[in-house]
Amino acid sequence: TRPANCPPDVEQLGRATWTFLHTTAAYYPEKPTMQHRVNMLSLLRALPVLYPCSNCAQHLGENMKTHPPDVSGRAALSKWLCEQHNEVNERLGKDKFECTVEKLDERWKDGPSDGSCD
Ligand code: FAD
């Protein structure tokens, strides 16, 4: 295994980025202001330009053309992001995640009801 202080590889960068994006979506307002929406759209639209894995960025850009981000509220944004992540999962032969707000909140906001993450 690589030492922990090595520069991130595509997998580590991906895990860190998904953690940031899913968590940010989980805490996005139910009723976002125009300022929330504009900033979230800028954040997401920047990824295909700036994400430092060029083929990841290219795939994301293509997907966002046919499936534009939904920044209208927390549930819609979380679902949109889950679907984008599933598209990558599918391409890499990984399991798909069930994109319900319950499953997403459990994974990214509340933790399981048995309290094991408290
Ligand atoms: P990850 O896929 O990183 O997932 C982390 C955790 O998120 C999982 O353990 C699971 O609990 C949860 N999770 C899984 N699926 C979902 C979902 N749909 N919704 C919510 N939560 C979920 N890698 C490539 O090799 N090629 C690419 O083209 C590529 N494109 C990428 C594009 C983007 C925008 C990002 C952020 C990453 C991309 N990656 C790509 C990296 C890839 O998605 C994984 O992050 C990496 O392979 C590590 O995978 P992992 O199995 O550790 O879990």
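The shell around the ligand has 11 nonpolar, 8 polar and 4 charged residues. Here Ala, Val, Leu, Ile, Met, Phe, Trp, Tyr, Cys and Pro count as nonpolar, Asp, Glu, Lys and Arg as charged, and the others, Gly among them, as polar. The model is predicted: local features need pLDDT of at least 70, side-chain atom pairs count only at pLDDT 80 or more, and totals for chains, interfaces and linings use all residues. Residues are numbered from 1 along each chain as its sequence is written.

Of the 23 residues around the ligand, Gly 14, Cys 56, Cys 82, His 85 and Phe 97 come nearest; a residue is near a molecule if its C-beta atom, placed from the backbone, lies within 6 Å of it. The elements below each give two or more residues to the shell. Helices are DSSP runs (H or I, at least four residues), numbered from the N terminus.

| Element | Residues |
|---|---|
| α1 | 10–26 |
| α3 | 54–66 |
| α4 | 74–91 |
| α5 | 101–110 |

The largest share of the shell, 7 residues, comes from α1.

The largest nonpolar core has 8 residues: Ala 25, Val 71, Leu 77, Trp 80, Leu 81, Cys 82, Leu 104 and Trp 108. Such a core is a set of buried Ala, Val, Leu, Ile, Met, Phe, Trp, Tyr and Cys residues joined through C-beta atoms within 7 Å. To this core α4 gives the most, with 4 residues.

Ala 4 lies in the segment before α1. Ala 4 counts as exposed because it has 6 C-beta neighbours inside 10 Å; by those backbone-placed C-beta atoms, a residue is buried with 20 or more others within 10 Å, exposed with 12 or fewer, and partly exposed in between.
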